[in-house]
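Welcome! Take a look at it below, and then we will walk through some of its features together.

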Amino acid sequence: MGIGKLGTTLAQRAAVWLRASGKSHMLHTKPPVKINIDELRYAPELSKDVAKFSTGEIKLDDELFSFLPWRKGSNLLPPTKTPPPYTPEARRATETFIEKGWIEESLPDGFRTAYGPYRAFDKNGAIKDSYRFLGRGHEFLFFTEDSKGIKRMVKQLEKIFSDNPNLTGEQKAKILYKYVRSCYDNNRIHFVDKFSNDFIPIEYTAACGAGICRHRSFLAKVLGDKLGLHVAMVRGVYTVNPKLDIVESHIWNEVKIKDKWYLMDITQGRFKDLEKFPEFSTLYRHKGS
């Protein structure tokens, strides 16, 4: 059902105000999709690699992703966990991403990120009370080196790379792109509204198949670091409608391969060489630009 004449007018007015104030906000115009939570599963064990490659060029077969935990599994989504200690390294990296909206360095154990560009953590890495009760779906994600799920995902990707030693850097990045994209089901994105207002390991979102830009880009960054790829995680705005200059808050990835930057927007389904497709550079503006 459309938003109607009044809703359209309000949306246009909001867009004008946002442009004038230099702010951005995601305008929700569709009703949420009802999700059967009982169907969302978490599988602690990942199946063996069943990747198939075509002759002549590297082409991933859909069977590669048949192991994904939201497609088969018997356990419900686990409860939240306590993140690792907020070491000086974790705090510095977390603050860097909050301040700059861009991080290239490998994420340290205990890195945290919040729902938005907030200073939601105190000096000890705990969630500030003023942010804990923002509303459902304002979860706080973290990464831990001890994650069995992350280790299994990395092992899966490393096997693909080792079985195909002639892969170029661009091909490896594309495999990572498709891999993470296949971890999430677009029909379940509204399940994020049911996430706890607490710490959630990033691999849990892939395990249940529910996640939007912040989950997908974070997972891609973590896996890319482990695979030795130069992946940046970027926060900023994405221009939805260039003619009206309507923008949305967004998080995506960029990959550096032989001094060239590639756009890797897993949520929007884009993997682009920014030298060959410079027009995409104008659609994405990170926080520090």
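Is Cys-183 buried or exposed? With a relative accessibility of 0%, Cys-183 counts as buried, because the cut-off for that is under 20%. Please keep in mind that this is a predicted model.

**Cysteines**
- Cys-213 is also buried, at a relative accessible area of 10%.
- Searching the whole structure for disulfides gives 0.

**Helix α4**
- Residues 148-163 form helix α4, which has 16 residues. From first C-alpha to last it reaches 22 Å, close to the 22 Å expected at 1.5 Å a residue.
- Its buried residues are Gly-149, Ile-150, Met-153, Val-154, Gln-156, Leu-157, Ile-160 and Phe-161. Viewed down the axis of α4, these fall within an arc of 155°, so they line one face of the helix.
- An α-helix has 3.6 residues a turn, so residues three or four places apart point the same way.
- Lys-148, Lys-155 and Ser-162 are exposed, on the face of α4 turned away from the buried side.
- The cover over the buried residues of α4 includes α5 (169-183), α6 (202-208) and α7 (213-226).

**Asp-225**
- Helix α7 holds Asp-225, which counts as buried at 16% relative accessibility.
- The Asp-225 side chain reaches the backbone nitrogen of Leu-107 at 2.9 Å.
- Setting aside neighbours within four places in sequence, Asp-225 contacts Glu-105, Ser-106, Leu-107 and Val-231.

**Salt bridges**
- The whole structure has 9 salt bridges.
- One of them joins the side chains of Arg-92 and Glu-105 at 3.0 Å, N to O. Arg-92 sits in helix α2 (residues 88-100) and Glu-105 in the loop between β3 (102-103) and β4 (112-113), so the pair ties together parts 13 residues apart in sequence.
- Glu-99 and Arg-119 form another, their closest N and O atoms being 3.3 Å apart. This pair links helix α2 with the loop between β4 and α3 (129-132), 20 residues apart.
- Glu-95, Glu-99 and Arg-119 are linked in a salt-bridge network.
- Asp-273 and Lys-260 also meet in a salt bridge, at 2.7 Å, N to O. Asp-273 lies in strand β10 (residues 270-273) and Lys-260 in strand β9 (residues 260-265).
- Within that pair, Asp-273 is buried at 7% relative accessibility, whereas Lys-260 is partly exposed at 23%.

Definitions and conventions. Residues numbered from 1 in each chain as written. Predicted model: local features only at pLDDT ≥ 70, side-chain atom pairs only at ≥ 80, totals over all residues. Heavy atoms only, no water. Helix = DSSP H or I, 4+ residues; strand = E, 2+ residues; numbered from the N terminus. Expected span 1.5 Å × (residues − 1). Buried < 20%, exposed > 50% of the residue type's maximum accessible area, 1.4 Å probe, protein only. Arc of directions from axis to C-beta. Contact = heavy atoms within 4.5 Å. Disulfide = S-S within 2.5 Å. Polar contact = N/O pair within 3.5 Å; in protein donor to acceptor, adjacent residues only side chain to side chain. Salt bridge = Lys/Arg side-chain N within 4 Å of Asp/Glu carboxyl O.
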